[in-house]
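Trainee: I have a new structure to read, and I would like to learn how to go through it feature by feature. Could you show me the model and guide me?

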Amino acid sequence: MEWGMKNRLSRIIDPKSRRCLMLAVDHGYFQGPTTGLKNLGETVKPLLPYADALMITRGGLRNWIPAEIDKPVILRVSGGQSILKELSNEVVTTSIDDAIRINASAITCSVYIGSEYEKETIANLADLVNWGQDFGIPVLAVTAVGKEMVRDARYLGLACRICVETGAHMVKTYYCDGFEEVVEACGNVPVVIAGGKKIEERAALEMAHNAIKSGASGVDMGRNIFQSDNPVGMIKAARAIVHDNASVEEAFKIYKKK
Ligand code: 5RP
């Protein structure tokens with residue numbers, strides 16, 4: 001792997017443990033002012049010290065995040081749809097020039113396998129990988145799930161493997177039973193899980209714990225952290241699972257601590 005690519009990746013994923021905790025706050029690009037992100041800057045500030053990387057759009061960064069932060073940015077460079085329309089109708093919205101200007105450590109887009117615009121979203125990922133190869137910037141592929149898709153190991157394994165074969169350097173997907181199969185489908189490419197819709201804290205921590213146990217490299221969590229009644233406790237708890245192999249019980253105690 002080229003030096004720059006390796007260097008950027010190692011800022012996101014610990015090269016020794018291969019683990020990482022990403023904080024996802026890019027929801028506004030199709031969900032608008034999501035609960036918990038209305039003032040994105042205020043939400044992110046107390047959480048950032050505990051995150052290994054921040055997943056965000058360029059507008060999110062420029063409007064709410066001080067340029068002095070020292071965390072690697074995973075820049076969401078796709079969009080073009082909203083929750084009111086077909087979700088898979090996504091295009092690349094941000095140029096590689098702007099990603100470089102922003103000093104992104106990685107770029108990311110979603111891939112909608114089995115959805116109406118499947119081919120276009122795979123082509124978006126291919127464009128990102130080609131740009132990334134040119135400039136040494138790794139790509140995180142997000143396997144977004146269309147409304148009718150069953151989130152099982154067979155489907156998510158298919159979606160993740162397509163991302164890997166297209167050249168993604170990291171894959172983000174959803175947790176499911178038999179997650180080992182999904183991890184296996186990705187070979188050496190690190191897999192992180194999204195948190196998904198807000199669920200009860202213990203259940204979210206259990207999901208993170210199960211994902212790590214099944215071979216995931218970490219989590220790229222959003223709503224289950226910033227929509228929690230104790231967001232700082234929740235990110236610390238998720239961090240303990242990802243980096244310290246904490247049990248669900250230990251992590252839940254960390255979440256509870258105010
Ligand atoms: C949307 C995304 C979001 O960043 C991600 O889903 C957010 O994480 P969470 O589901 O944990 O709120 O990639 O496609």
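**Reading helices, burial and packing**

Mentor: Let us begin with a helix, where helices (H or I, at least four residues) and strands (E, at least two) are DSSP runs numbered from the N terminus, and where the expected span of a helix is 1.5 Å times one less than its number of residues. Helix 9 has 13 residues and should span 18 Å at 1.5 Å a residue, and because its end C-alpha atoms are 18 Å apart, the two values agree. Keep in mind that this is a predicted model, in which local features need pLDDT of at least 70 and side-chain atom pairs count only at pLDDT 80 or more, while totals for chains, interfaces and linings use all residues. Residues are numbered from 1 along each chain as its sequence is written.

Trainee: Which residues of helix 9 are buried, and what do they pack against?

Mentor: A residue is called buried if 20 or more other C-beta atoms lie within 10 Å of its own, exposed if 12 or fewer, and partly exposed in between, with C-beta atoms placed from the backbone. In helix 9 the buried residues are E201, A204, L205, M207, A208, H209, A211 and I212. For packing, two residues are in contact if their C-beta atoms, placed from the backbone, lie within 7 Å. The buried residues of helix 9 pack against several elements, among them helix 8 (179–185), strand 9 (191–194) and helix 11. Helix 9 is followed by G215, which has a positive phi near 110 degrees.

Trainee: How many residues are in the largest nonpolar core, and which of them touch the most other members?

Mentor: A nonpolar core is a set of buried Ala, Val, Leu, Ile, Met, Phe, Trp, Tyr and Cys residues joined through C-beta atoms within 7 Å. The largest one here holds 85 residues, of which M22 and A238 touch the most other members. Helix 11, residues 231–244, contributes the most to this core, with seven residues. Apart from neighbours within four places in sequence, A238 is in contact with L21, L205, A208, V219, M221 and I225.

Trainee: Is helix 11 mostly covered or mostly open, and what covers its buried residues?

Mentor: Helix 11 is mostly covered, since 11 of its 14 residues are buried, and K236 and R239 are among these buried residues. The elements that cover them include strand 1 (20–24), helix 3 (40–47), strand 10 (218–221) and helix 12 (248–256). From its first C-alpha to its last, helix 11 reaches 19 Å, close to the 20 Å expected at 1.5 Å a residue.

Trainee: Which residues other than glycine have a positive phi, and where do they lie?

Mentor: One of them is R18, with a positive phi of about 60 degrees although it is not a glycine, and R18 sits in the loop between helix 1 (3–12) and strand 1. Another is N245, with a phi near 50 degrees, which is placed in the loop between helix 11 and helix 12. R18 counts as partly exposed because it has 13 C-beta neighbours inside 10 Å, and N245 counts as partly exposed because it also has 13 C-beta neighbours inside 10 Å.

Trainee: Why does I56 count as buried, and why is Y155 partly exposed?

Mentor: I56, which lies in strand 2 (residues 53–57), counts as buried because it has 27 C-beta neighbours inside 10 Å. Leaving aside neighbours within four places in sequence, the contacts of I56 include V25, D26, L61 and I65. Y155, found in helix 7 (residues 153–166), is partly exposed because 19 other C-beta atoms lie within 10 Å. Not counting residues up to four places away in sequence, Y155 touches M149 and V150.

Trainee: What can be said about the protein chain as a whole, and how many residues surround the ligand?

Mentor: The protein chain has 12 helices and 10 strands, and 50% of its 258 residues count as buried. Residues 24 or more positions apart account for 66% of the contacts with a separation of 6 or more. The ligand is surrounded by 14 residues, the closest being A24, A194, G195, G222 and R223.

Key. Near = placed C-beta within 6 Å.
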